[in-house]
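Visitor: I'd like to learn how to read a model like this one. Could you walk me through it?

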Amino acid sequence: MSLNNVAFLLAILLFGIYDIHGLLRIKHDNVVVCYVASWAAYRQGNGAFSLENLRPEHCTHLIYAFAGLNASNWTIRSLDPWADMEKDGIGNYKKMTALRHRGLKVSLGIGGWNEGSRNYSMMASSSESRRTFIASTVEFLKMYGFDGLDLDWEFPGSRGGAPYDKQNFVSLVKELKDAFREHQYLLTAAISADKSTINIAYDIPEISKYLDYIHVMAYDYHGAWNKRVLPNSPLRSKDQLNVEDTITYLLQQGAPAKKLVLGLAMYGRTFVLTSVPETSKINPIGLPSLDIGFKGPYTGEDGFMGFNEICEALVLYPQEWITGWDNESSTAYAIKKDQVVVYDDHKAMIAKVEYAKRQKLAGVMVWSIDTDDFRGKCTLLHGDMALLDGHNYPLMKSINTALANNTIPPVEKPQPSSSSVQLLSNSVFALSMITMIYLSR
């Protein structure tokens with residue numbers, strides 16, 4: 001078949017899966033939960049993300065992050081009342097829940113890292129304060145039109161929590177579920193991927209009875225705090241701090257596969273090496289580093305870069321950055337002198353999606369959609385994904401395309417390959433994905 005014929009076939013297949021709104025909706029039966037960081041609107045330049053930038057067709061569930069807890073009366077509260085309730089005369093809460101008419105489920109997340117654990121521990125410690133919280137939450141969800149609540153208590157039993165948090169968390173989710181049934185609200189929770197935290201924080205068999213989905217935050221396994229370069233979200237590793245070991249452990253603890261949602265990181269962890277390597281072609285995994293990583297231009301957080309920041313750096317300064325792939329962890333990296341970023345590119349995302357499918361998990365979630373290349377600035381790096389409905393959101397497209405492929409790939413040991421073989425592989429993969437989607441319509 002000639003290249004022209006291939007291009008023609010691709011065009012037919014691509015247009016064949018557009019819906020009546022002109023939006024590409026890749027069909028599969030899995031959950032794709034997209035967290036939206038409300039503070040992304042305050043980022044600078046190309047990093048500023050508003051709800052107008054959101055492409056909800058890439059998700060089945062949206063979660064607005066985050067609401068907080070009022071410690072004076074144990075009620076749910078907005079952490080940014082102007083943006084959440086007043087912006088543009090309507091507020092982001094109602095802007096988000098207006099997307100429900102497209103068939104999405106839209107939940108409100110409460111908690112997060114910055115909220116800590118102490119207040120949640122105190123609220124959950126008595127039936128009276130739990131009752132107050134639950135009543136306020138039901139009214140809050142009803143007022144703004146949310147479909148449910150996502151609990152992001154980080155974490156029961158630590159960071160200011162108490163030893164009895166584990167049982168109290170069970171009581172909290174049970175009582176929330178009892179109150180939610182009348183309204184058919186979803187109840188989900190984001191949990192740690194660290195085994196020691198899991199043991200302290202969660203009675204997995206019990207909370208599984210009441211949660212609709214369990215979002216596993218399978219990232220931040222490593223960072224600059226380790227004082228050496230290690231993967232943020234390794235699929236596998238020798239130290240058992242990896243996706244496969246976490247999911248295996250949760251399944252062993254009694255979590256139903258049909259309720260587990262694998263978390264995917266749309267960001268990388270950054271490192272500053274203690275010395276510049278003799279060659280930039282070295283695999284930096286394992287090299288010693290300082291205990292604070294460098295910042296990205298938009299997120300401005302030590303040791304953290306969104307995928308959009310990473311890919312823009314690679315496109316703008318290709319002569320400065322050398323990219324590579326760590327076979328052991330199925331992780332991408334980029335190195336520039338003494339700076340290293342380890343992250344998940346589309347290849348790493350696909351590997352994790354394929355793992356989730358083999359394990360028959362409910363699906364995947366992303367933290368967070370606002371750090372995908374939502375402006376399409378990095379087309380040169382996206383390869384076949386740039387063919388799919390424009391140039392933006394390459395990671396979300398990779399995830400959904402891999403989910404839509406009905407053939408679950410066998411487990412294979414990663415092998416190095418030449419650029420020509422990789423290019424052919426990527427092209428065949430993209431064409432097969434699109435064909436599968438088209439034929440399953």
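Visitor: How much of the chain counts as buried?

Guide: Buried means under 20% relative accessible area, exposed means over 50%, and partly exposed lies in between (1.4 Å probe, protein chains only). Here, 55% of the 441 residues of the chain count as buried. Keep in mind that this is a predicted model: local features need pLDDT of at least 70 and side-chain atom pairs count only at pLDDT 80 or more, while totals for chains, interfaces and linings use all residues. Residues are numbered from 1 along each chain as its sequence is written, and side-chain values use heavy atoms, with hydrogens and water left out.

Visitor: How many helices and strands does the chain have?

Guide: Both are DSSP runs numbered from the N terminus: helices are H or I with at least four residues, strands are E with at least two. This chain has 14 helices and 14 strands.

Visitor: What is the strand order in the open sheet of five strands?

Guide: Two strands pair if DSSP finds at least two bridges between them. Here the order is β10-β9-β13-β12-β11, with antiparallel pairing. At the edges sit β10 (304-306) and β11 (322-326), each pairing on one side only. On average, neighbouring strands of this sheet are turned by 25° against each other, direction ignored; the axes are lines fitted to C-alpha atoms, for helices over the stretch in contact, and angles run from 0 to 180 degrees between N-to-C directions.

Visitor: Which helix packs on the sheet?

Guide: Contact means heavy atoms within 4.5 Å. Helix α10 (residues 307-316) touches β9 (267-272), β10, β11, β12 and β13, and its direction makes about 80° with that of β10.

Visitor: What joins β12 to its partners, β13 and β11?

Guide: Five bridges join β12 (residues 331-336) to β13 (residues 339-343), running antiparallel; A332 has Y343 as its bridge partner in β13. β11 and β12 also pair in the antiparallel sense over five bridges, with I335 in β12 as the bridge partner of I322. These two strands form a hairpin with four residues between them, and S330 in the turn has a positive phi of about 55°.

Visitor: Where is W39, and why is it called partly exposed?

Guide: W39 lies in the loop between β1 (31-37) and β2 (61-70). It is called partly exposed because its relative accessible area is 38%.
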